[in-house]
Each structure stands twice: as structure tokens, then as C-alpha cells.
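Me: Could you walk me through this structure in plain words?
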Amino acid sequence: MSDFSYSFPVVMNEAKDVLLKPKTFFSSLSKTKLPLIQLYYRAVTYLALLYLSAVAGMTIFSPRSDFSAPPAPFLFFEMPVAYFLSSFIVFPAIGIVYMLFSWVCGGNTNWNRNFRVATATMGILWIVVILQSFGGLIHFYIGLGLAVLFTAYFPYVFFLALTSYLEAPFKRTAILLSIFTLFLLYAQYARLSTFLNDYKLMETTDSHIPLSREEEEKGEKDAAEIIRKAMEKAKSEGHQTE
């Protein structure tokens, strides 16, 4: 087993390589066994970057300036604590998911190698969130398109990790991940449909032209006139009854 080592620039370069050239990255990834704590440190680093990306998405990349940002205690205390605690669940969960898929596809089920590619895959999550938030800031449909693109991109990275690094058979992996991708796209479609409806509702609200002062005064006078006539009618009907 190699000695423990950690380098933030190395971790960042790994995330960049997984995003931009995943095929080369997974085919050349070292099969040297890494200490579990070293893999966990990488996972925590990526979760910390994911937290910062989420905060940026709710503040500086928020597409609607009329919506106030979440309160500071939530952003800078509750969220980081939640992300840190989630690392104890997310890190092993992703590793187990890789082991399960690798077993089903007929690949290598060695836990260290599966956790190695699991942490590498986590490295692109924060980049995806930043790109989607920035795209949504430019236009809603750009963010929407990036969301669909990355929904299809993740299974592709998953496929390369399974076939290149975990030595799963190509054909069986392709079939299983194609089915998995269809489920992901359907789930994303249902989710994005809700976002699209909300966006159209906000556009309708934003496109409403406020009434001028003269129009408001005219509306108030018309309403007062209607009320006056209704009261007079009610009085006359009361007198006729008497």
C-alpha cells in the first residue's frame, strides 16, 4: 500500500481530466491501491467544492434579482455542516454503486479500485453545477440544455470507468447503461417539466405591465360607482319590501 499523500492541485487536475478527456483518464489511471483515508479526503474536497458551487448558484448566479438569497446562517453554517455529514454517506454509497454495477456488468469488484473511480467521478459534480448555474444566468433554456447534456454525459463517464478501468465487458455494459440512461433522462424530463412550467409562470408575472396612476384612479372611481349603485339598489329594494 502506498503512503498517504494529498495535493489539492492534483485533485483539481484529476477533476479537469475526467470532465474534458475521460477516456484517456480512465484508460491510464493507475491501479495502485490507495489508502481509504486518501480517497475520503478527495471525496470531501469535491463535496466542499460542490457546496461552494451550490452557494454561488443561490447567490451570485441567481437568475432573479428580486428573490432574496437564503439567510446567512443557512448558507454558512447549516449547509456546510450538512455537506460534511453527508460525506459519511455519499462517499461509501457511490463506491458501493460502482461495485454493484461492476458486478452486474462482469467487471472488477475490488473495493479499492471501485472507490478510486467513484471519487474521480465525484470530481466533476461541482463543475457541472457551476456551468448549469452560469448557463441559467445567461438564459433559462441554456441552463436547461446543459442539464439535459450532463444527464447523458454522466452515464458515458460511468461507462468509460466500468469498461476501461474496471474491465467490464463492453457489450453487456453498453446495454445495461443504455437502460439506466433512459431512466435518468425520463426522471430529468419530469423534473425539468416542472421547472419549465414555473419559468413560464414567472415570465407571465414579469411581463405584466403596471397600471399608470390615472388608470388606477379610474379603476377606483369605477369600483366606487359600482358599490354606490349596488347600495342604492339594495336600499330601494328594502323600501319596496316595507
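Reply: The axes of helix α3 (residues 36–58) and helix α6 (residues 125–138) come within 8 Å and cross at roughly 10°. Axes are lines fitted to C-alpha atoms, for helices over the stretch in contact, with angles from 0 to 180 degrees between N-to-C directions. Helices (H or I, at least four residues) are DSSP runs, numbered from the N terminus. This is a predicted model, where local features need pLDDT of at least 70 and side-chain atom pairs count only at pLDDT 80 or more, while totals for chains, interfaces and linings use all residues. Residues are numbered from 1 along each chain as its sequence is written, and side-chain values use heavy atoms, with hydrogens and water left out.

Me: Are α3 and α6 roughly parallel or roughly antiparallel to each other?

Reply: Angles under 35 degrees count as roughly parallel, over 145 as roughly antiparallel, 65 to 115 as roughly perpendicular and the rest as oblique. The crossing angle here is roughly 10°. The two helices α3 and α6 are therefore roughly parallel.

Me: Which residues of α6 make the contact with α3?

Reply: Contact means heavy atoms within 4.5 Å. On the α3 side, Y46, L49, L50, S53, A54, A56 and G57 take part, and on the α6 side the residues are L125, W126, V129, I130 and S133.

Me: Where does α4 bend?

Reply: The bend at a residue is the angle between axes fitted to the seven residues ending there and the seven starting there. Among the buried residues of α4 are F91, Y98 and S87. The helix α4 bends by about 40° at S87.

Me: Is E167 buried or partly exposed?

Reply: E167 sits in the loop between α7 and α8 (170–206), and its phi is positive, near 60°, in a residue other than glycine. Because its relative accessibility is 47%, E167 counts as partly exposed.

Me: Is T173 buried or exposed?

Reply: T173 lies in helix α8. Leaving aside neighbours within four places in sequence, T173 is in contact with C105, F159, L162, T163 and A168. Its relative accessibility is 0%, so T173 counts as buried.

Definitions and conventions: Buried means under 20% relative accessible area, exposed over 50%, partly exposed in between (1.4 Å probe, protein chains only).
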